[in-house]
Amino acid sequence: MSTFNFARKEISFKIVYYGPALSGKTTSLRNIYKTLPGKVKGQFTSIATETERTLFFDFLPLELGSIKGFKIRLSLYTVPGQFIYKLTRKSVLRSTDGIIFVADSQRRKKEENIYSYNDMIENLIDYGESLESIPLIFQYNKRDMENIMPIEELQEDLNPENKYQYFETIAIEGVGVLNALKLITKLVISKI
Ligand SMILES: Nc1nc2c(ncn2[C@@H]2O[C@H](COP(=O)(O)OP(=O)(O)OP(=O)(O)O)[C@@H](O)[C@H]2O)c(=O)[nH]1
Ligand SMILES: [Mg+2]
């Protein structure tokens, strides 16, 4: 839920990177952190296991320019994709203003993508929310890998009515990641 702070003239938005385990959510956030200039980004916080798997969440605050005298703050989060962290995923998703669903393009991840998408929808429903009110876009990630599904197949699995925009991304190289962030930012801001 976007929050207005009239005293400080700030508006804050929360954006969550959702998706199955190892799809590239943390890598996307790290790349954003690496790419953006110092004056825009705050500290990158990652609560992860020794093997770099997200344990609770990653967090990156950004401070963009002003709109009509209000400073725009973004809080970017990633959920832990591993199956066992279902409850943590749900709590990270709470009160989000926008979602970037990071799907893994590898064919062997087909079912996991679909499972994760449905898990996200269920969590939103439990919070009394839906995609009618929360902007969503897709990152079809790992486009550099072998044995990946064509975009049409990913669309059919996750976005069959083509309701949401998507980006083909290679998070380790930063390809498409910033464009996805720009679009979701535009969508959440335009909602207010
Ligand atoms: N080849 C390739 N590897 C990628 C890409 N994006 C991420 N990876 C690799 O995939 C692995 C998992 O990436 P993470 O970003 O940690 O995945 P995650 O979605 O945060 O995983 P969880 O925290 O377990 O949910 C890492 O070894 C990354 O380097 C990509 O676009 N291409
Ligand atoms: Mg992660």
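These are my notebook entries on a predicted model of a protein chain with a ligand.

**Conventions.** I number residues from 1 along each chain as its sequence is written, letter chains from A, and number ligands from 1 in the order in which they are written. Local features need pLDDT of at least 70 and side-chain atom pairs count only at pLDDT 80 or more, while totals for chains, interfaces and linings use all residues.

**Overall fold.** I looked up the secondary structure first. The protein chain has five helices and eight strands. Both are DSSP runs numbered from the N terminus: helices are H or I with at least four residues, strands E with at least two. Along the sequence the pattern reads β-β-α-β-β-β-α-β-α-β-α-β-α. The radius of gyration is 16 Å, close to the 16 Å of the globule rule for 192 residues, so the protein chain is as compact as a globular protein of that length. That radius is taken over C-alpha atoms, and the rule is 2.2 Å times the number of residues to the power 0.38. The C-alpha trace spans about 50 × 35 × 30 Å along its principal axes.

I then checked burial and contacts. Of the 192 residues, 38% count as buried. Buried takes 20 or more other C-beta atoms within 10 Å of a residue's own, exposed 12 or fewer, and partly exposed lies in between, with C-beta atoms placed from the backbone. Among contacts between residues at least 6 apart in sequence, 71% join residues at least 24 apart. A contact needs C-beta atoms, placed from the backbone, within 7 Å.

**Ligand 1.** Which residues are closest to ligand 1? They are Gly 24, Thr 26, Thr 27, Thr 54 and Gly 81, in a shell of 22 residues. A residue joins the shell if its C-beta atom, placed from the backbone, lies within 6 Å of the ligand. Helix α1 (residues 25-35) gives the most to this shell, with three residues. By class I find seven nonpolar, 10 polar and five charged residues there. Ala, Val, Leu, Ile, Met, Phe, Trp, Tyr, Cys and Pro count as nonpolar, Asp, Glu, Lys and Arg as charged, and the others, Gly among them, as polar.

**α1 against α5.** I followed α1 to its packing with helix α5 (residues 177-191). The two pack at an angle of about 90°, with their axes 9 Å apart. That makes α1 roughly perpendicular to α5, a term for angles of 65 to 115 degrees. Ser 28, Asn 31, Ile 32 and Thr 35 of α1 meet Val 177, Leu 178 and Leu 181 of α5. The contact has four nonpolar, three polar and no charged residues.

Asn 31 got its own check. It is buried, with 21 other C-beta atoms within 10 Å. Beyond its neighbours within four places in sequence, Asn 31 contacts Ala 171, Gly 174 and Val 177.

**Loops.** Arg 107 sits between β6 (98-104) and α3 (110-126). Arg 107 is partly exposed, with 13 other C-beta atoms within 10 Å. Leaving out residues up to four places away in sequence, Arg 107 touches Asn 147, Ile 148 and Met 149.

Last, I looked at positive phi. Most residues other than glycine have a negative phi. Lys 68 has phi near 50°, in the loop between β4 (54-67) and β5 (70-78). Lys 142 has phi of about 65°, in the loop between β7 (136-141) and α4 (151-158). Is each buried or exposed? Lys 68 is exposed, with 6 other C-beta atoms within 10 Å, whereas Lys 142 is buried, with 23.

Key
Contact = placed C-beta atoms within 7 Å. Axes fitted to C-alpha atoms, helices over the stretch in contact; angles between N-to-C directions. Parallel < 35°, antiparallel > 145°, perpendicular 65-115°, else oblique.
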